[in-house]
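Let's take a walk through a protein fold together. Have a look at the sequence and the 3D view before reading on.

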Amino acid sequence: MAGGVLVSFEGVEGCGKSTQVALLAQELKRRGVEVVTTREPGGTPLGEEIRALLLNPAFAPTPWAELFLLEAARAQLVATLIRPALERGAWVLADRFSDSSLAYQAGGRGLPWRQVQAANRAATGGLVPDRTLVLTLPVSEALARARRRPTTKATNRRFEDETEAFHQRVARAFHRLAAREPQRVQLVDGRGTPSQVHARVLQALAGLLP
Ligand code: TYD
């Protein structure tokens, strides 16, 4: 897409994505680039409503219902925010994108990989990130972090409440993605301080940074 760059951040809950998105946005702005940050599920008024439905344990969607809610939010996000930003030449930093559906709905929930890929293609119109950074942290450590976050509440903890085995399957799927597409999908060690991880993020973006 003309001029713009799309970078997605991925990983299990509590891996530190959101902190790294904020640090990278700051650094890119310092370098004089237009930066748009967004998150999934969410990122648009429609998407944020869908997010609340998805995270609330009261609704318990089936795996397919969960996938289609995610893809609906993603379609809206790509069409109304991401594509226009890329067309202006901005950097778009996405806190999760299509690879999360492969990791969670295919890896975690067991939906067929190829059908999740097809749903991703339909929702994104084939848009694929220029680079995807998967922040890695031992699952037990990341989950413990996520579960004690002050923002984790009874109405938004449906994924935090999943078993450790579920999150292990998610983590394995992210590793599989990195093995399949080593150019695009890079594993970034998520241990250490935010600034140590930030330095690794910059390294993983070598060749793309302004
Ligand atoms: P997120 O806000 O990134 O939560 P966290 O900061 O805890 O990682 O994402 C919310 C949840 O949505 C997260 O538990 C993973 C789930 N999710 C999917 O299952 N599939 C998807 O495609 C996306 C984008 C998110």
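What follows goes from the sheet to the helices, and then to a few local details. Keep in mind that this is a predicted model.

Five of them make an open sheet, and if you read across it the order is 2-3-1-4-5, with parallel pairing. On the edges you'll find strand 2 (35-39) and strand 5 (185-189), each of which pairs on one side only. Neighbouring strands in this sheet are turned by 20° against each other on average, if you ignore direction.

Now zoom in on one pair. Strand 2 runs parallel to strand 3 (residues 91-95), and five bridges link the two. Within that pair, Val-35 sits opposite Trp-91 of strand 3.

Which helix packs on the sheet, touching strand 1 (5-10), strand 2, strand 3 and strand 4 (131-136)? That's helix 1 (residues 17-30), and its direction makes about 170° with that of strand 3.

**Helices against helices**

| Helix pair | Crossing angle | Axis distance |
|---|---|---|
| Helix 4 (residues 98-108) and helix 5 (residues 113-124) | roughly 150° | within 10 Å |
| Helix 1 and helix 8 (residues 194-204) | about 65° | 10 Å |
| Helix 3 (residues 63-88) and helix 5 | roughly 30° | within 8 Å |

Take helix 4 and helix 5. Angles over 145 degrees count as roughly antiparallel, and the two axes cross at roughly 150°, so helix 4 and helix 5 are roughly antiparallel to each other. Helix 4 passes helix 5 in a right-handed crossing. On the helix 4 side, Ser-98, Ser-101, Leu-102 and Ala-106 do the touching, while helix 5 brings Trp-113, Val-116, Gln-117, Asn-120 and Thr-124. Sorted by class, this contact has four nonpolar residues, five polar ones and no charged ones.

Helix 5 has another partner, helix 3. Angles under 35 degrees count as roughly parallel, and here the crossing is roughly 30°, so helix 3 and helix 5 are roughly parallel to each other. This crossing is right-handed. Helix 3 puts in residues including Trp-64, Leu-67 and Arg-74, and helix 5 answers with residues including Gln-115, Ala-119 and Ala-123. The contact of helix 3 with helix 5 divides into seven nonpolar, three polar and three charged residues.

Then back to helix 1, which passes helix 8 in a right-handed crossing. Thr-19, Gln-20, Leu-23, Leu-24 and Glu-27 of helix 1 meet Pro-194, Val-197, His-198, Val-201 and Leu-202 of helix 8. By class, that gives six nonpolar residues, three polar and one charged.

**Salt bridges**

Side chains of opposite charge can pair when their charged atoms come close. The count of salt bridges here comes to 16. One of them joins Arg-30 to Glu-27, with the closest N and O atoms 2.8 Å apart. How many residues apart are Arg-30 and Glu-27 in helix 1? They are three residues apart, so about one helical turn separates them.

**Two spots in the loops**

A cis peptide bond joins Glu-40 and Pro-41, with omega about -10°. Ala-60, in the loop between helix 2 and helix 3, has a positive phi of about 40° even though it isn't a glycine.

Note on methods:
Residues numbered from 1 in each chain as written. Predicted model: local features only at pLDDT ≥ 70, side-chain atom pairs only at ≥ 80, totals over all residues. Heavy atoms only, no water. Pairing = 2+ DSSP bridges. Helix = DSSP H or I, 4+ residues; strand = E, 2+ residues; numbered from the N terminus. Axes fitted to C-alpha atoms, helices over the stretch in contact; angles between N-to-C directions. Contact = heavy atoms within 4.5 Å. Parallel < 35°, antiparallel > 145°, perpendicular 65-115°, else oblique. Left-handed = near helix turned anticlockwise from the far one by under 90°. Nonpolar A, V, L, I, M, F, W, Y, C, P; charged D, E, K, R; others polar. Salt bridge = Lys/Arg side-chain N within 4 Å of Asp/Glu carboxyl O.
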